[in-house]
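Hi,

Have a look at it first, then read on.

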Amino acid sequence: MSEVVSMSSNFTGPSGALVMSFISMSIVFLVIIGLMFVMKATNMIVTAYLANRSRKDPTGEGR
Amino acid sequence: MDLYLSALKGVIDQSGIIALSGGNLLMLFVSFILLYLAIVKDFEPLLLLPIAFGCLLVNLPLSGIIDEGGFLYFVKFGIDHELYPIIIFMGIGALTDFGPLLANPVTFLLGAAAQLGVFVAVIGAMMMGFTIQEAAGIGIIGGADGPTAIYLCAKLAKHILPAVAVAAYSYMSLVPLIQPPVIKLLTTKEDRAIKMEQLRPVSRRERILFPIISTIACGLILPPSVPLIGMLMFGNLLRECGCTERLNLAAQNEVLNATTIFLGISVGATMSADSFLRVETIMIICLGLVAFIFSTAGGVIFGQVMKVMTKGKVNPIIGAAGVSAVPMAARVCQKVVQKEFPGSYILMHAMGPNVAGVIGTAVAAGAMLTLLSK
């Protein structure tokens, strides 16, 4: 089993804080951009699903 | 008579009056100020009042209320083991409508940009001599999210928790005073006049899928963020699924309210004279303000970028709502616009970045936990 090593010792002094802040901020942006794409994809899938359903069931009784 | 006098002497010897120190008196004064702000000035009273009263209780000497076996000793368990912030996140999830964010996902980026102050304060705190763990605990004040600040601070630097909690909730209550000058400084009158298009309706399926998918995505990328994001999304799923109305109502009312009382009183209970009356406390409060200002600025500046990229379709003010204080930051944006342009409504557009800010702060906390946990 791999051991998780603490990275905190790499961030010392103001320059360490700068590096840590840069890494954290980029993680925040990456995760948020990822979630943004998840939202877009969810919207596209749901829209396609509903369009497909309304084509099969134009009366909308199956909804 | 002798028995009466010796009993009276015993009572006096064991009374708090004799044991009351100067530090206790000063902390009692601090609790009065907090009570005044909560009751008279209506500054975030739901939290400030329990905090103030917890502070008052813990600074009455010899009561034993915080000692091992005392009432607050057990109540504090929820804060020592990070239970209350997580339960509160569930309640926030149950109260939050992710609709505006789902309708306009690009505004999610504003929630990320408004974390700028967190990292500016981290650098500032390191320059002032704090350790990197303490700096992270201080910086998260800029996220304007009390439960996340408490969660991160309890994990990384428990000894500065009282100052961080008080600073976080004080600045959250001061959002209507802090944000407008920053917004006005970074926007022109033409910017503030921009009217945004109406948001599209969001289907129930999207609302149900979002909390599930985002929990999995965040959990896989940043495991330490799972307690916060997971419970936020669980609360939201209770709200959106439509088949757990009783649980949804319990999460956003009884559970949230009860936990808020215990959280507040526990935070107050950490404000003993010896842990709070330090030079560091003043430094933390000052850094918190810097964090808050920079977070607002980060959101508005990114709003300006989005305005340019969308050719003037985004009102940059909504970036200020990217600090999480829900829904106060969004309301502040609306008030700033409405003051100059009555009839202009950006509240729903501002709610998108506002709820994105909650997620952004939790992700920032998760990122710092991953990097800094010992």
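I'll start with a helix pair in chain B: helix α12 (residues 146-156) and helix α13 (residues 161-173) pack at an angle of about 165 degrees, their axes 9 Å apart. Helices here are DSSP runs of H or I with at least four residues, strands are runs of E with at least two, and both are numbered from the N terminus. Axes are lines fitted to C-alpha atoms, for helices over the stretch in contact, and angles run from 0 to 180 degrees between N-to-C directions. So α12(B) is roughly antiparallel to α13(B), given that angles over 145 degrees count as roughly antiparallel, under 35 as roughly parallel, 65 to 115 as roughly perpendicular and the rest as oblique.

For the classes, Ala, Val, Leu, Ile, Met, Phe, Trp, Tyr, Cys and Pro are nonpolar, Asp, Glu, Lys and Arg are charged, and the others, Gly among them, are polar. Contact means C-beta atoms, placed from the backbone, within 7 Å.

Before going further, the housekeeping. This is a predicted model, so local features need pLDDT of at least 70 and side-chain atom pairs count only at pLDDT 80 or more, while totals for chains, interfaces and linings use all residues. Residues are numbered from 1 along each chain as its sequence is written, and chains are lettered from A and ligands numbered from 1 in the order in which they are written.

Val164(B) also turns up in the largest nonpolar core, which has 143 residues; Val164(B), Ile141(B), Ala329(B) and Cys333(B) have the most contacts inside it. A core here is a set of buried Ala, Val, Leu, Ile, Met, Phe, Trp, Tyr and Cys residues joined through C-beta atoms within 7 Å. Buried means 20 or more other C-beta atoms within 10 Å of the residue's own, exposed means 12 or fewer, and partly exposed is in between, with C-beta atoms placed from the backbone. Helix α22 (residues 347-372) of chain B gives the most to this core, with 15 residues. Leaving out residues up to four places away in sequence, Val164(B) touches Gly137(B), Ile138(B), Ile141(B), Ala149(B), Cys153(B) and Ile284(B).

Which residues does Ala367(B) contact, leaving aside its neighbours within four places in sequence? They are Ser24(A), Ile27(A), Val28(A) and Leu222(B). Ala367(B) is found in α22(B) and is buried, with 26 other C-beta atoms within 10 Å. Its C-alpha is 13 Å from that of Gly143(B), 224 residues away in sequence.

That brings in chain A, where 28 residues are in contact with 36 residues of chain B. The chain A side of this divides into 18 nonpolar, 9 polar and 1 charged. Chain A has 1 helix and 0 strands, and 22% of its 63 residues count as buried.

Another helix pair in chain B: the axes of α10 (residues 116-127) and α20 come within 6 Å and cross at roughly 145 degrees.

- The peptide bond from Val326(B) to Pro327(B) is cis, with omega near -10 degrees. Pro327(B) is in the loop between α20 (279-309) and α21 (328-340) of chain B.
- Asp42(B) is not a glycine but has a positive phi of about 60 degrees. It lies in the loop between α3 (22-39) and α4 (45-58) of chain B, and is exposed, with 10 other C-beta atoms within 10 Å.
- Ala144(B), also not a glycine, has a positive phi of about 55 degrees. Ala144(B) sits in the loop between α11 (132-139) and α12 of chain B and counts as buried, with 34 C-beta neighbours inside 10 Å.

Cheers

Notes: Contact = placed C-beta atoms within 7 Å.
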